[in-house]
Amino acid sequence: ITVLGLQIIGLMGGSVIIENVFNLQGIGSFFINAINVRDYPSVQGMVLFFAVTAMLVNLIIDTSYAFLDPRIRLS
């Protein structure tokens with residue numbers, strides 16, 4: 001489960017590279033274009049989006065341990 005969560009977070013970072021290599025339009029290319037034109041509010045928003053998504057994925061993973069392993073209890 002931990003590896004799955006890390007893969008999801010890695011996919012978000014990899015989308016920036018893949019979209020630039022294959023010239024696709026998406027959240028990664030928007031992020032790179034905002035960096036290139038120095039659109040600081042957009043860059044801050046994207047960094048906040050990636051950080052919040054990573055935190056939510058980690059929260060879901062940590063809480064799923066209690067459901068999958070009965071020896072673990074949530075305090």
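Q: What makes Met 12, Val 16, Phe 31, Ala 34, Val 43, Met 46 and Phe 50 a nonpolar core?
A: A nonpolar core is a set of buried Ala, Val, Leu, Ile, Met, Phe, Trp, Tyr and Cys residues joined through side-chain atoms within 4.5 Å. Buried means under 20% relative accessible area, exposed over 50%, partly exposed in between (1.4 Å probe, protein chains only). These seven residues make up the largest such core. H1, helix H2 (27-36) and helix H3 (40-68) each give two or more residues to this core. H3 gives the most, with three.

This is a predicted model: local features need pLDDT of at least 70, side-chain atom pairs count only at pLDDT 80 or more, and totals for chains, interfaces and linings use all residues. Residues are numbered from 1 along each chain as its sequence is written, and side-chain values use heavy atoms, with hydrogens and water left out.

Q: Which residues does Val 16 contact, leaving aside its neighbours within four places in sequence?
A: Contact means heavy atoms within 4.5 Å. Val 16 is in contact with Gly 28, Phe 31 and Ile 32.

Q: How do you know that the span of H3 agrees with its number of residues?
A: Helices are DSSP runs (H or I, at least four residues), numbered from the N terminus. The expected span is 1.5 Å times one less than the number of residues. H3 has 29 residues, so it should span 42 Å. Its end C-alpha atoms are 42 Å apart, which agrees.

Q: Which residues of H3 are buried, and what covers them?
A: Among them are Ser 42, Thr 53, Ala 54, Val 57, Ile 61, Ser 64 and Ala 66. The cover includes H1 and H2.

Q: Why is Val 21 called exposed?
A: Its relative accessible area is 58%. The cut-off for exposed is over 50%, so Val 21 qualifies. Val 21 lies in helix H1 (residues 2-21).

Q: What makes the nonpolar surface patch that includes Val 21?
A: Ile 17, Ile 18, Val 21, Phe 22 and Leu 24 make it, at about 520 Å². Patch residues have over 30% relative accessible area and no salt bridge, and nonpolar side chains are joined within 5 Å.

Q: Why is the phi of Asn 23 worth a look?
A: Most residues other than glycine have a negative phi. Asn 23 has a positive phi, near 55°. Asn 23 sits in the loop between H1 and H2. At 63% relative accessibility, Asn 23 counts as exposed.

Q: Where is Arg 38, and is it buried or exposed?
A: Arg 38 is in the loop between H2 and H3. Its relative accessible area is 62%, so Arg 38 is exposed. Arg 38 is not a glycine, yet its phi is positive, about 55°.

How values were computed. Patches are made of residues with over 30% relative accessible area and no salt bridge: like charges are joined within 9 Å, nonpolar side chains (Val, Leu, Ile, Met, Phe, Trp, Tyr) within 5 Å. Accessible areas come from the Shrake-Rupley method with a 1.4 Å probe; for residues, only the protein chains shown count as cover. A salt bridge is a side-chain nitrogen of Lys or Arg within 4 Å of a carboxyl oxygen of Asp or Glu.
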